[in-house]
Amino acid sequence: MRDPYSVLGVAKSASEGDIKKAFRKLAKKYHPDQNKDDPTAARRFAEANQAYEIVGDKEKRAKFDRGEIDAEGKPRFQSHGFEGFSGFEDFGGNGPRGGARGFKSTGGAAGGGFDDILNDIFGSFGGGRARGGAGPGAGAGAQTRPQPKTQGANAELVARVSLEDIVNSGKTQVTLPGGKTVNVTLPKGVTEGEKIRLKGQGHPGANGGPAGDAMVEIRFKPHKLFEVKGSDLHLDLPLTLYEAVLGAKVRTPTLSGAVNLTIPPNASSGKSMRLKGKGLPTKEGGHGDLLVKLQIVMPPHGDDELDTLMRAWKEITPYRARGPEFD
């Protein structure tokens, strides 16, 4: 072990403050956690620890300066000749006075503040006391102070759900923050904007903490035929003029398959017909209805016979299409 003053880079006459300042500088410079790629850093750090244990403690420093202990804190005996063997009088109880005198254990923290210094230095590094023990001679690394477990944040997700999936499968798929795709069961009577909580499927926690939840907001995909109003669906059904006049059975789509809807004779455009139970699921366990609005569509091109018929009809059987409120 080198001379502790040389290790710390201070003069023998240095003040306690200068010694402490020098140790702080070396401990910060050679701390293993900051020098993981430098195999010599741990040795330099341990050497600085040992040096400060000696000269950072007022009593040990005085003994070292008097030559009573060496740089490792071990007793050092000096013979002054054979007159009375004065250098050995207290050794191991074999001297005339018996018992060991004048030496104390070197296992404690130097200067009574070694841990405080390291905690002060390495608090900014997320570390704490020296690894391997409480004293500076116990180890060369730094023991990482346990960090609190923190729950991860919730993940806000949006699921675009088709009306067919709501009625038929009752499931939809979402992609979680980690990239995994999972099936989500839709609750009965799910509504636009409703949120479903997936426990533990959100962002990961810190320091081994639990993951947050995934909050899945349900959004209905626009449908090319149906309009959603609560649990009911609305559909505009185009009709030919002759279907409206004579009546007909018209193939009508629903979310669970097409049905033949009976159109009565003389059906007016705008008339609504109800198909029971062909809407969306309700929270009570049933289904809403499908309301079909009839829309009469005229021929795509002019027709002389139709024109002649309409003129005759106008003369023979006139009728009012609008009420008095339009007068």
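**Entry 1: pocket lining**

I began with the lining of the largest pocket in this predicted model and sorted its residues by class: 16 are nonpolar, 5 polar and 1 charged. The lining comprises 22 residues in total. Nearest the centre of the pocket I find Leu 241, Val 245, Met 310, Trp 313 and Tyr 319. I then looked up which elements give two or more residues to this lining, and noted helix H7 (241-246), strand E13 (290-297) and helix H8 (304-316). For the volume of the largest pocket I wrote down about 640 Å³.

**Entry 2: H2 against H3**

I turned next to helix packing. Two packed helices are described by the angle between their axes and the distance between the axes. For helix H2 (residues 16-30) and helix H3 (residues 41-55) I have an angle of about 160° and axes 9 Å apart. The angle is over 145 degrees, so I list H2 as roughly antiparallel to H3. The crossing of H2 past H3 is left-handed.

I also looked up the residues that meet. On the H2 side they are Ile 19, Lys 20, Phe 23, Leu 26, Ala 27 and Tyr 30. On the H3 side I noted Ala 41, Ala 42, Arg 44, Phe 45, Ala 48, Asn 49, Tyr 52 and Val 55. By class, this H2 contact with H3 holds 11 nonpolar, 1 polar and 2 charged residues.

**Entry 3: H3 against H4**

I followed H3 to helix H4 (residues 58-65), where the packing angle is about 90° and the axes are 5 Å apart. I therefore record H3 and H4 as roughly perpendicular to each other. H3 makes the contact through Glu 53, Ile 54 and Val 55, and H4 through Lys 60, Arg 61 and Phe 64. My class count for H3 with H4 is 3 nonpolar, no polar and 3 charged residues.

Notes. Residues are numbered from 1 along each chain as its sequence is written. This is a predicted model: local features need pLDDT of at least 70, side-chain atom pairs count only at pLDDT 80 or more; totals for chains, interfaces and linings use all residues. Side-chain values use heavy atoms; hydrogens and water are left out. Axes are lines fitted to C-alpha atoms, for helices over the stretch in contact, and angles run from 0 to 180 degrees between N-to-C directions. Helices (H or I, at least four residues) and strands (E, at least two) are DSSP runs, numbered from the N terminus. Angles under 35 degrees count as roughly parallel, over 145 as roughly antiparallel, 65 to 115 as roughly perpendicular and the rest as oblique. A crossing is left-handed if the near helix is turned anticlockwise from the far one by less than a right angle, and right-handed if clockwise. Contact means heavy atoms within 4.5 Å. Ala, Val, Leu, Ile, Met, Phe, Trp, Tyr, Cys and Pro count as nonpolar, Asp, Glu, Lys and Arg as charged, and the others, Gly among them, as polar. On a 1 Å grid over the protein atoms alone, a cavity is a set of points where a 1.4 Å probe fits but cannot get out, and a pocket is an open set with protein on both sides within 12 Å along at least five of seven lines; lining residues have an atom within 4 Å of a point. Grid points are joined across faces, edges and corners, and a volume is the space filled by probe spheres set on the points.
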